[in-house]
Amino acid sequence: MRRLFTVFHALGLMLVVFSFAYLLPVITGLIYSDYILVWDFLLTMLWTFSAGALMWLLTKRRKGELSIRHGYLLVVAMWTAMPAFATLPLLMMIPNLSFTDAYFETMSGMTTTGATVLTGLDNLPPAINVWRHQLNWMGGLGIIVLAVAVLPLLGIGGRQLFKAETPGPMKDTALTPRIAETARNLWIVYLAITLLCIVTLKWAGMSWLDAVCHAFSAMGLGGFSTHDSSVGWFQSPLIEFVMIVFMLFAVINFATHFLAWRGRSLKVYARDAEAVASLWLIIGSCFAIALFLWWQDTYPEYLTALRHASFNVVSIATSSGYASVDYAQWPIFAPLWMMFLTAIAASSGSTGGGIKMIRTLVLVKQAGREFIQLLHPAVVNPMKIGGHVVANNIVFAVLGFIFLYFMSIMTLTFALLISGLDFISAFTAILASINNCGPGLGVVGPASNYQGLTDFQTWVCTLAMLIGRLEIFTVLILFTPAFWRR
Amino acid sequence: MKILILGAGQVGSTVAENLVGEANDITVVDSDGEKLVQLQDRLDLRTVVGNAAHPSTLEQAGIGDADMLLAVTQSDEVNLVACKLAASLYNTPTRIARIRTVDYLKREELFNTDNFCVDFSICPEQILTDYITKLIEFPEALQVLEFADGKVSLVAVKAFEGGPLVGKPLSFLRTHMPQVEARVAAIFRQDRAIIPEGSTVVHAGDEIFFIAASDNIRRVLKEMRRMDKPTKRVMIVGGGNIGRRLAKALESDYNVKLIEFNKKSCQKLAGELTNTLVLNGDGTDEKLMQQENVKEVDVFCALTNDDENNIMSSLLAKQAGARKVIALINRSAYVDLVQGGKIDIALSPAHVTIGSLLAYVRQGDVAEVHSLRRGAAEALELVVHGDRDSSRVIGRLIGEIDLPKGATIGALVRGNEVIMGHHDTVIEAEDHVIVFVVDKKMVKKVEKLFQVSLGFF
């Protein structure tokens with residue numbers, strides 16, 4: 001029981017911090033003179049704050065030291081509690097919205113999935129839209145990373161939490177001696193690039209509101225938009241180009257951005273094997289798919305094909321999930337290849353989802369290793385990525401992860417099939433959810449959204465998003481008996 | 001000259017042995033007393049037991065009036081500190097250190113007078129690696145030695161039936177290849193030196209030393225023997241300092257396999273090397289060799305620190321069909337025993353590396369020294385200074401110079417130009433002269449001949 005108190009204590013504190021996130025929609029409401037909304041947001045802020053504070057105060061005298069086990073529990077608790085609190089403004093302000101749908105929406109926001117159950121986005125009050133996009137942005141780099149950055153009092157447990165939330169198999173490379181300093185630096189870089197993105201989008205022709213919202217969701221690789229027809233609404237190649245650039249920025253490890261910025265050198269990017277592989281794969285796919293579409297006569301001109309292929313491929317591959325055209329209408333190879341990219345293309349430590357490029361590299365190299373081992377039984381052939389040796393236990397961890405990843409996709413797809421969804425919709429919905437991408441194909445394709453799903457199906461997708469964002473182990477470890485044993 | 005040698009290991013004792021023979025006062029310092037006793041039994045020198053990086057030890061060894069400090073202990077750090085101490089406390093004029101760590105070598109400023117005060121740093125492993133790399137590049141040659149920053153090379157090769165020059169007099173070389181400048185410096189027939197003249201006839205089995213501009217080596221080699229296919233596959237046994245460096249140097253140009261016995265070293269090697277196939281196993285395990293297709297290997301190098309293992313594994317490899325085998329052998333008795341038999345090249349690390357040290361010790365301006373035929377002969381690169389009056393060689397034809405019998409001037413390097421040494425060539429000031437000496441005893445005379453007479457100063 002003591003363990004739970006400790007977790008609740010930290011959780012309460014984080015909720016208190018989280019409650020300040022409502023300030024941005026409040027400010028938006030004030031700008032647009034939408035005082036009812038301002039009132040509602042202030043109310044939810046108070047709710048969250050007092051709930052957190054109460055939790056913190058009640059458990060204050062019974063807390064223990066935050067340990068490794070607490071870390072996993074706390075991270076999962078945070079990632080389920082915060083979307084719950086984040087639903088409050090949506091429930092208050094959007095009529096006829098069920099809790100299931102609201103929770104799906106906020107979970108989709110915070111896990112940077114970007115799938116939505118709402119229609120009529122264009123008519124939502126600005127404050128609500130800012131709130132949705134802000135969830136994308138905060139969830140992108142990680143709420144707990146943010147919390148660690150601003151809450152040095154978490155102390156020893158900080159590194160553990162950080163590791164439990166940050167995506168990727170190798171998280172021990174600390175950028176600075178102190179974990180709080182590392183987290184702060186990452187957020188500063190993140191914030192800086194986001195501000196740059198806002199200004200550039202404004203310059204490219206968006207309104208300030210659209211620029212802020214789209215910068216938030218682009219940097220978080222979330223994919224929320226203020227329009228039902230997503231980025232296609234703008235009909236602007238320039239805006240699409242700017243968003244491509246920033247999405248490619250966000251798909252690279254933010255630690256690499258930080259090192260490049262600190263060292264004032266672009267060579268850092270060339271040395272990051274993961275970033276190089278990601279960019280080659282994504283950009284190469286853009287040209288290849290454009291060629292394919294042109295050859296298939298989907299678009300009569302290569303440049304048109306390249307424009308649409310580039311934006312949608314980058315958007316899906318980086319796990320953002322914007323759409324500029326209904327790519328579900330393209331020959332099936334293209335959208336399926338895009339769904340495949342979304343599973344592998346994002347770097348660890350970026351805001352993207354999926355299994356991460358580093359794991360893909362590990363798997364590909366492991367396959368190569370097996371071949372060499374067969375030819376030369378005496379060979380000593382450690383795995384190397386970017387010139388550094390990857391320890392065998394990491395390779396095993398990756399293999400274990402991949403197994404769980406595929407099993408999760410299988411299980412959840414079957415769950416959707418049982419509930420009556422057709423195969424393509426079920427499979428791509430799970431794929432898009434677990435990879436935090438957003439739109440799937442079929443019922444949940446880019447032209448429609450997740451509104452058509454039943455409550456059960458919505459919950460299954462919500463779960464998929466959560467385990468995808470926290471990279472499976474962190475969530476599933478709570479369901480092992482060993483975790484609860486003393 | 002008074003020379004202080006720190007470290008009585010492989011390099012230290014070989015250098016001591018060579019320098020004692022050349023009438024120098026040698027003091028050897030080592031922390032291992034037993035090694036020193038053995039050394040003192042054999043050679044006429046003084047020994048001091050102690051830590052070479054401590055001022056008291058250095059003083060005891062008489063660093064105060066030493067002309068040169070040779071820091072060749074196992075530890076780079078000790079060598080660096082000793083040089084620094086010698087410079088700051090005792091004003092020793094010349095300080096040479098063995099530095100093996102690439103990390104140090106990369107930062108040249110570490111060695112200047114503001115920091116560790118190392119006049120010259122040598123790395124025996126690197127010298128040996130370069131040496132083997134050359135042999136792999138020219139698999140027909142027995143030795144390839146470079147002078148004047150690699151502009152000129154001295155190549156040793158065994159003449160074989162089928163080479164155009166074999167069975168013909170040396171003057172044929174000039175008529176056969178008028179555009180290629182090369183000069184035969186010496187011929188060894190059944191271990192006896194023959195002073196080459198235009199009429200000397202080359203026999204199959206002769207060991208021929210010729211000097212040529214480095215770009216022409218391959219064309220001259222072609223005259224002596226049938227050429228083999230260029231090297232593609234290299235197998236190295238032993239992943240120590242030399243094996244590792246060699247693999248690193250070769251892995252981008254050749255297909256390299258490296259066999260190492262120690263599993264932990266294998267892991268480290270495999271992490272460091274990018275294109276080399278690192279195999280864990282015994283270099284004398286013929287099953288492993290067969291499995292790794294040793295019969296297709298062009299050059300097989302046995303480079304462990306165990307002489308017997310090197311000999312056995314290279315014999316096995318030759319037996320299995322490796323084209324050329326090289327064995328690293330420390331004991332000089334074994335070298336003589338093995339060389340010329342089934343093993344193509346027996347490498348004595350001491351002889352390969354001693355030259356670079358000797359160059360600093362010699363009188364006169366000696367730029368390069370290479371020890372040949374296991375120390376019996378020597379090739380020197382001398383820089384001539386002065387003018388017609390103060391020097392006995394400047395302004396004179398090569399034919400006029402009173403060289404001792406058995407010494408030949410092979411080539412001159414003037415600026416960037418390579419000039420072959422003919423009778424009618426005139427030597428100018430600041431020329432680099434490459435002299436081949438058949439018998440080491442004549443080296444002193446040659447050096448004296450090239451020295452500037454006192455009037456110059």
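How are H6(A) and H10(A) oriented relative to each other: roughly parallel or roughly antiparallel?

Before selecting anything, note that this is a predicted model, where local features need pLDDT of at least 70, side-chain atom pairs count only at pLDDT 80 or more, and totals for chains, interfaces and linings use all residues. Residues are numbered from 1 along each chain as its sequence is written, and chains are lettered from A and ligands numbered from 1 in the order in which they are written.

**Stop 1: two helices in chain A**

Select residues 126–141 and 208–219 of chain A, helices H6 and H10 (helices are DSSP runs of H or I, at least four residues, and strands are runs of E, at least two, numbered from the N terminus). Their axes come within 7 Å and cross at roughly 25° (axes are lines fitted to C-alpha atoms over the stretch in contact, with angles from 0 to 180 degrees between N-to-C directions). H6(A) and H10(A) are therefore roughly parallel (angles under 35 degrees). Now show the contact: Trp137(A) is among the H6(A) residues, and Phe216(A) is one of those from H10(A) (C-beta atoms, placed from the backbone, within 7 Å).

**Stop 2: where the chains meet**

Go to the contact between chains A and B, with eleven residues from chain B and eight residues from chain A. On chain B, pick helix H10 (263–272) and strand E14 (277–280), which each supply at least two residues of the side touching chain A.

**Stop 3: inside chain B**

Colour domain 2 (128–137 + 149–224) and domain 3 (233–347) of chain B (bounds come from an automatic or database domain assignment). Their centres, taken over C-alpha atoms, are 28 Å apart. Six residues of domain 2 are in contact with ten residues of domain 3.

Notes:
Two residues are in contact if their C-beta atoms, placed from the backbone, lie within 7 Å. Angles under 35 degrees count as roughly parallel, over 145 as roughly antiparallel, 65 to 115 as roughly perpendicular and the rest as oblique.
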